[in-house]
Amino acid sequence: MNVGVDVGGTFTDAVLLEDNKVRATAKVPTKKDLLESVLEAFDIVLKGVNTKELERIVFSTTMITNLIAERKYDNVAILLIPGPGLAHETYYFGTAVHILSGAIDYRGREIAPLNDREIESILADLSRLGYHRVCVVGKFSPRNTTHEKRVAEIIKKKYPDWKIDLGSLIGGQLNFPRRVTTTYLTSATREPYQHFINSVRQALAVRKIDADVFILKADGGTMPLENAEELPVETIFSGPAASTLGVQALIPPGETAVVVDIGGTTTDLALILSGQPLLSSKGAKVENQLTQVRTLAVKSVPVGGDSALQQVGNALVIGSGRLGPAYCMGGPAPTPTDALRVLGLTELGDPVKAEEAMTGLGKPLNLSAQDTARKVIEMVVERIASEVNNMFLDWEQEPAYRVWEVLQKKKVRPSLVAGVGGGASGFINQIAAKLGCDPYIPPYAPVANAIGAAVARPTMQVSLRADTEQNYYIIREEGFQDRLKDRHFNETKALALAKEKLIQRAAKYGLVVEAGEIEIIHREVFNMIRDWTTTGRLIDITVQTPRGITGRIEGGV
Amino acid sequence: MKKHQDKQTGLIFFPAFDWAISPTHPEREERLLYTRDQIFEEGIMDLPQILEFTASLASIHDIARTHFCVPRVEDQTTEAHLIAAGAAILLADRIVNGEIKNGFALVRPPGHHAMRVIHGNRGFCNINNEAIMVEYLRSRYGIKRVAIVDTDVHHGDGTQNIFWHDPDVLFISFHQDGRTIYPGTGFIHELGGPRAFARTINIPLPPGTTDETLLYVVDNLILPILEDFKPDFIVNSAGQDNHFSDPLGSMRISAQGYAKLTDKLCPDLAVLEGGYAIETALPYVNMAIILALAGLDYTKVQEPDYWPGRFKESSDRSSQVRKLVEQILHYWHMRDKMSPDSRYIRGKFYERNIRIFYDTDYIEEHQLERLKLCDHCPGYLSIESSASHGLGRSGKAMCLSVPFTACTNCRSEAIEVYHQAKKRGTHRYVYLQDKSQDIFFGYDAGSGKEWQSGG
């Protein structure tokens with residue numbers, strides 16, 4: 001038996017699955033004390049269940065996103081080793097940034113050394129200012145970690161109690177500014193994240209649960225709770241990932257579908273292409289900050305059931321904020337939910353108040369309540385449908401750097417629009433009609449996110465880069481760097497080595513991986529030619545444990 | 001084009017990681033690898049000033065509008081060529097539509113050695129990306145005046161050849177003196193055809209030229225000429241082999257020099273040409289050009305082995321270049337006062353014999369080029385071309401090109417000549433490229449088949 005728990009800003013949802021069947025569901029308001037909400041949800045779904053029978057529990061949360069939005073985190077100082085390139089003024093991250101001498105190039109070669117005295121003087125300044133958290137991030141550090149590690153050593157020696165995060169370990173992709181942001185957010189959210197993890201642990205202890213516990217990541221994979229502290233920022237955005245996986249588990253296999261999660265103030269969109277959720281080619285964007293966090297391609301549209309409606313001149317306008325609940329539920333302003341109520345597309349709220357809201361809104365335009373409501377729905381539908389089309393367009397227009405990639409670009413459109421979230425039922429038929437698709441509200445739609453958490457599988461990657469001319473290789477995720485001992489190192493050997501490293505790394509996290517099921521997600525080999533002879537090879541390989549879900553939901557209570 | 005500073009710079013990065021002339025050729029998969037690493041690591045594509053686009057393929061007619069590919073476009077191009085040309089077209093479209101303020105097609109394969117008639121690859125080039133893009137803009141949007149500034153270390157002889165007789169396209173190329181480098185042309189007396197005198201400007205610079213002298217040429221020659229010409233659209237054939245570390249060139253230009261050059265030229269669209277110091281120059285020069293186009297601070301872009309003042313200009317070289325600048329300015333001021341050289345006039349035509357060598361493919365081509373001297377338009381062009389490929393010769397081709405602004409007489413005469421040549425059967429291939437109607441006809445006397453594109 002598995003449990004999925006999604007701790008959202010408003011509700012905490014939970015489901016209990018047994019043999020791909022839903023045994024119980026819960027939806028409770030999220031309280032200030034997280035422990036209390038989690039326990040409440042547990043008690044509903046675990047009623048009459050012997051906790052010894054639980055195999056795994058997966059948590060997903062929007063906690064970290066909320067913290068970042070509210071900027072409720074610790075002061076972190078950033079030490080950068082940018083070297084030549086963009087002007088250093090570009091590197092503005094809203095906190096103390098110090099530039100260190102030193103530079104590494106694209107091949108991982110040192111082109112300028114560090115200056116120990118400069119480092120020590122900056123550290124003294126930081127100490128005076130009371131900083132005790134530091135990020136050290138170098139340009140091209142994933143190609144050579146020695147500068148970052150050397151700075152960390154100096155810090156450890158002088159200030160042993162400082163918390164240090166290195167860019168090469170947290171943001172291993174090529175993108176220096178995103179590496180800085182990712183490292184910074186990781187460092188800044190460690191403590192509050194620890195609080196979340198402690199609450200989860202307490203809840204488990206109180207209910208005497210000793211199942212395997214995982215946290216959902218933004219890319220739809222999970223990581224064991226014990227390791228989650230290492231990379232808290234990976235769990236940001238896991239909210240949309242949860243509902244996308246939930247839909248994946250609830251729709252027929254192999255479908256190309258749009259997941260439309262209509263909430264109070266936003267609508268989250270995600271794509272499932274031929275049964276697999278689409279990953280974003282770039283990292284997650286968190287509160288307008290670009291990161292390297294691997295994520296499902298999700299888009300948040302600022303339109304929801306509680307969006308405030310206004311009449312401006314001759315037009316109706318959907319505001320981007322929420323002034324409160326819908327008018328028919330006692331709120332201050334007319335909303336799309338009122339429109340749904342007037343047209344009988346929802347049973348929620350007071351019909352008289354809804355009518356009043358629509359009448360007031362339409363009066364200056366000489367529209368009846370019914371016509372106003374229809375117009376409002378049409379606007380919401382139009383907006384969401386056009387964003388769905390844009391998402392497909394963006395996906396089609398993703399840059400291609402090889403001839404075959406340009407040639408194989410094709411147009412794909414969904415066949416299914418799957419609605420989840422509170423506002424889904426009222427809108428989904430019309431959105432589907434606009435997109436020429438079939439509408440689908442999956443069973444258990446209100447707790448699809450918790451189902452998504454429950455069916456998520458652990459994922460892990462290992463990226464190997466070998467430079468046979470310089471005779472070294474590096475394992476990105478571990479910041480591990482070593483000489484190549486084999487003089488005949490080649491692509492085949494690189495692949496075998498990457499797989500071996502993945503199996504070892506997975507074992508450290510308590511995961512058993514078979515060599516045969518490992519997926520190769522990136523493979524690039526370049527011959528280096530100097531003066532018309534081959535002097536070496538650059539090999540980049542990324543392997544991962546298989547993606548996917550534990551199973552499709554086949555019904556239940 | 002009008003500059004809107006608030007708009008973004010469009011970028012297409014197409015390194016063609018799966019295309020090479022041959023495994024060890026300078027034009028191979030690895031060429032833009034380190035450039036990719038640099039611009040990705042710098043997060044260039046995330047900058048709010050930059051908008052990245054995906055390349056799409058140019059159409060067969062886009063090529064036929066500019067070139068005569070013998071026997072057909074499909075025989076002289078691969079998909080990689082169509083993507084590189086397509087990238088230039090896509091960005092040009094967005095610029096003219098006002099979506100972006102300028103653009104950089106960071107693409108390979110390059111094109112500036114590809115001439116009007118194409119029998120194979122020369123100077124690493126099959127088709128001319130810039131020329132194809134310019135002819136597209138003129139055909140699609142009726143753009144009148146275009147300037148192409150070629151900043152590759154090699155003379156842009158292909159682009160020169162294509163626009164030689166075109167009074168509305170100003171072609172300026174600076175490069176290392178042709179006596180010391182491929183293709184051995186681009187001397188100051190090469191000034192364009194009789195109806196386009198000084199619309200071709202060549203600036204051969206002595207080997208070893210530094211930033212200082214180059215920027216002198218830009219300030220005192222190129223910019224004044226551009227100001228006089230008043231182009232509606234400026235293209236930069238942005239070769240990067242003037243760099244001090246380039247293995248093929250012998251110049252001493254730095255990334256900073258390239259940035260300042262770009263800043264001063266302010267091109268609407270830059271298109272990558274050569275540049276083969278793939279590690280020591282390209283990552284830095286490409287960064288510098290992108291930042292300069294986007295109006296960003298480029299002063300921190302610096303090669304590891306460069307420091308300001310590393311290269312000092314010799315006084316000999318600088319006075320030599322000053323004289324050169326004066327001489328060329330003189331030609332420019334004479335541009336509308338020259339009459340065609342009577343030695344080349346045969347009746348109503350201006351005739352010249354051209355020999356073209358295709359270094360990559362070892363082809364020797366001979367052309368008899370005839371320009372109709374018309375009082376009402378730039379005149380149509382007829383080219384009889386034959387090529388020998390080592391062991392044998394390919395069939396002769398007769399190519400007729402009708403300019404955008406052709407008068408009705410020239411146009412009907414060219415059509416007549418096309419039909420006569422088809423009937424006569426003395427040429428294996430007969431082509432009619434009618435830019436005024438944007439239509440292309442090809443005829444193969446061997447099979448008796450005719451095909452067309454556009455129209």
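**Reading the calls in a two-chain model**

Mentor: Start in chain A: Q311(A) stands opposite L316(A), a residue of strand 20. This is a predicted model.

Trainee: What makes strand 19 and strand 20 of chain A a pair?

Mentor: Pairing needs at least two bridges. Strand 19 (residues 307-312) and strand 20 (residues 315-322) of chain A are joined by five. So they count as paired. The two run antiparallel. They also form a hairpin, with two residues between them. In that turn, G313(A) has a positive phi of about 60 degrees.

Trainee: Why is strand 9 of chain A called largely enclosed?

Mentor: Six of the six residues of strand 9 (residues 133-138) are buried, so the strand is largely enclosed by the rest of the structure. Buried here means 20 or more other C-beta atoms within 10 Å. Both faces are covered. R133(A), C135(A) and V137(A) are buried on one side. V134(A), V136(A) and G138(A) are buried on the other.

Trainee: Which strands pair with strand 9 of chain A?

Mentor: Strand 5 (residues 77-81) pairs with strand 9 in the parallel sense, over five bridges. There, A77(A) has V134(A) as its bridge partner. Strand 10 (residues 163-166) also pairs with strand 9 in the parallel sense, over four bridges. In that pair V134(A) stands opposite I164(A).

Trainee: On to chain B. What makes strand 11 and strand 18 edge strands?

Mentor: Chain B has an open sheet of eight strands with mixed pairing, in the order 11-12-13-14-15-16-17-18. Strand 11 (345-346) and strand 18 (449-454) each pair on one side only. Elsewhere in chain B, look at strand 15 (residues 392-402) and strand 16 (residues 429-434). Six bridges join them, and they run parallel.

Trainee: Why is H61(B) called partly exposed and not buried?

Mentor: H61(B) has 18 C-beta neighbours inside 10 Å. Buried takes 20 or more, and exposed takes 12 or fewer. The count for H61(B) falls in between, so the residue is partly exposed. H61(B) sits in helix 2 (residues 60-64) of chain B. Beyond its neighbours within four places in sequence, H61(B) contacts F440(B), S453(B) and G454(B). S453(B) is 392 residues away in sequence, yet 5.5 Å away in space, C-alpha to C-alpha.

Trainee: How do you know that helix 8 of chain B is roughly parallel to helix 9 of chain B?

Mentor: Two packed helices are described by the angle and the distance between their axes. The axes of helix 8 (residues 255-265) and helix 9 (residues 282-293) of chain B come within 8 Å and cross at roughly 25 degrees. Angles under 35 degrees count as roughly parallel. So helix 8 and helix 9 of chain B are roughly parallel. The residues of their contact divide into 10 nonpolar, two polar and one charged. The crossing of helix 8 and helix 9 of chain B is right-handed. Residues from helix 8 in the contact include A255(B), Y258(B) and T262(B). Those from helix 9 include V285(B), A288(B) and L291(B).

Trainee: Where does chain B touch chain A, and which helix gives the most?

Mentor: The contact takes 35 residues from chain B and 31 residues from chain A. On the chain B side, strand 1 (9-14), helix 1 (33-41), helix 4 (79-96) and helix 9 each supply at least two residues. Helix 1 of chain B gives the most, with six residues. By class, the chain B side has 17 nonpolar, six polar and 12 charged residues.

Technical notes. Residues numbered from 1 in each chain as written. Chains lettered and ligands numbered in written order. Predicted model: local features only at pLDDT ≥ 70, side-chain atom pairs only at ≥ 80, totals over all residues. Contact = placed C-beta atoms within 7 Å. Axes fitted to C-alpha atoms, helices over the stretch in contact; angles between N-to-C directions. Parallel < 35°, antiparallel > 145°, perpendicular 65-115°, else oblique. Left-handed = near helix turned anticlockwise from the far one by under 90°. Nonpolar A, V, L, I, M, F, W, Y, C, P; charged D, E, K, R; others polar.
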